[in-house]
Amino acid sequence: MPRAPVSDAYEMALTMAATLLSFTAALFIERAAHLHADVLVLAVVLSLSLARAQRHADTRQRLSALVLIPVVAAGATLLGRLMSVHLAYGSAVFTVLMAVPIWIRRYGPYATRIGTLATLPLVALLVLPRPALPPRAEGALAGWAWSVLVGLLAAVSVWSVQGAADRFGMGGPEGVAAAPRRRRSSRLRPRPSTRMAVQMALAVGAGFVVGKAVFGTHWPWVVFTAILVGSGNRGRRDVLRKGLERLAGACGGTVLTAVGATPSGVGGTPCVVLIFLVLAVALWLRPRGYAYWAAGATAALALLYGYFGQDAQDLLPTRLGAIVVGAALAVAAAWWVLPVRGRGSRAAGDGTPPAAPAAPVTRSA
């Protein structure tokens, strides 16, 4: 049964409320500690992702996020430092850390949820505007301790807003999660979780190599797209369909941002407001098709980079090329490397549903 526009608007409002709460707290930290805007981006990305992943989570799951997100956020910050100095070593570590959470799905739904949470700060690492930052900003980037605090604030913000909505009976028809269906164990060998982990590792690893060689400092667009297209693999046709949707949306968002951009761009507070407006509309339209979210999130990312001085029009061919390459790498891995046969929840393997991909400020770059 299709969701009502009012219900979609309500869920969007909850997500944006949690995101704005987290953003406000991070803004206070950024100004008080004289940090850079990367803490704001981290707060927004984590809040958007957690709001979707934790919407119907129980207390145990929320406590897990409260502990895991800050810890992984700190690790992701240290990994970001490593990647800025030794990209080859950092990319190898990143690739492994993206594959392991998929592989552990074999251990049941709880392991699947833990794996999903663990990837959120890693994906956020690709959204942080390091390629667009001036060299003098490197010294003001948040250290691991600040990342712990920002991750904690994001988890608390999402829990507070969603908990208040559920407590006061504002959950609506979507307020209660459906009971989990019993899953069959897959007979595939290697297991689907192993297959998908290998596919993700190959797509992400190839994304680093091709992205750095062809697109220089804009390699995150390739890796990010490969992750998004390869997430939630339920079979070759499914990943191709989702890949085309995400590709179409991401390209559409990039083109619209470039066409609508002025030579000087939109800066300061108006740009920040515009980013949040674009995200709100994309969240509202997301249930009607992932392409809407991909378009809006990618447009928001392009605006973010424009905020730091990059010209959307000049970078249009580079971004479109990186998006196409990243999507192609993910689809190729899903089709020709240990393909997962079957459709629906069975293809997720090991009796567990596939983890939802993270939803960051771009989220389908």
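Start with the aromatic pairs: this predicted model holds 5 of them. A pair of aromatic rings is described by the distance of the centres and the angle of the planes.

**Stop 1: Phe94 and Phe208.** Select phenylalanine 94 and phenylalanine 208, which form an edge-to-face pair with 5.6 Å from centre to centre and 75° between the planes. The pair links distant parts of the chain, 114 residues apart. To see this, colour helix α4 (residues 87-103), which carries phenylalanine 94, and helix α7 (residues 192-215), which carries phenylalanine 208.

**Stop 2: Trp221 and Tyr305.** Move to tryptophan 221 and tyrosine 305. Their rings form a tilted pair, 6.2 Å centre to centre, with 55° between the planes. Tryptophan 221 belongs to helix α8 (residues 219-230) and tyrosine 305 to helix α11 (residues 290-307), so the pair ties together parts 84 residues apart in sequence. Are these two residues buried or exposed? Tryptophan 221 is buried at a relative accessible area of 2%, and tyrosine 305 is buried with a value of 2%.

**Stop 3: a ring cluster.** Ring pairs join Phe94, Phe208 and Trp219 into a cluster.

**Stop 4: charges over rings.** Select arginine 60 together with tyrosine 110. The charged end of arginine 60 sits over the ring of tyrosine 110, at 4.0 Å from the ring centre. Then select arginine 288 and tryptophan 284. Here the charged end of arginine 288 sits over the tryptophan 284 ring, 5.7 Å from its centre.

Stop 5: The last stop concerns the backbone. Most residues other than glycine have a negative phi. Where is histidine 34 found? Look in the loop between α1 (5-32) and α2 (38-53). The phi of histidine 34 is near 60°, a positive value in a residue other than glycine. With the surface shown, histidine 34 is exposed, at a relative accessible area of 66%.

Finish at leucine 338, in the segment after α12 (316-336). Leucine 338 is not a glycine either, yet has a positive phi of about 45°. Its relative accessibility is 32%, and leucine 338 therefore counts as partly exposed, since that class lies between the 20% limit for buried and the 50% limit for exposed.

Methods
Residues are numbered from 1 along each chain as its sequence is written. This is a predicted model: local features need pLDDT of at least 70, side-chain atom pairs count only at pLDDT 80 or more; totals for chains, interfaces and linings use all residues. Side-chain values use heavy atoms; hydrogens and water are left out. Rings of Phe, Tyr and Trp (its six-membered ring) pair if their centres lie within 6.5 Å; planes under 30 degrees apart count as stacked, over 60 as edge-to-face and the rest as tilted. Helices (H or I, at least four residues) and strands (E, at least two) are DSSP runs, numbered from the N terminus. Buried means under 20% relative accessible area, exposed over 50%, partly exposed in between (1.4 Å probe, protein chains only). A charge sits over a ring if NZ of Lys or CZ of Arg is within 6 Å of the ring centre and within 35 degrees of the ring normal.
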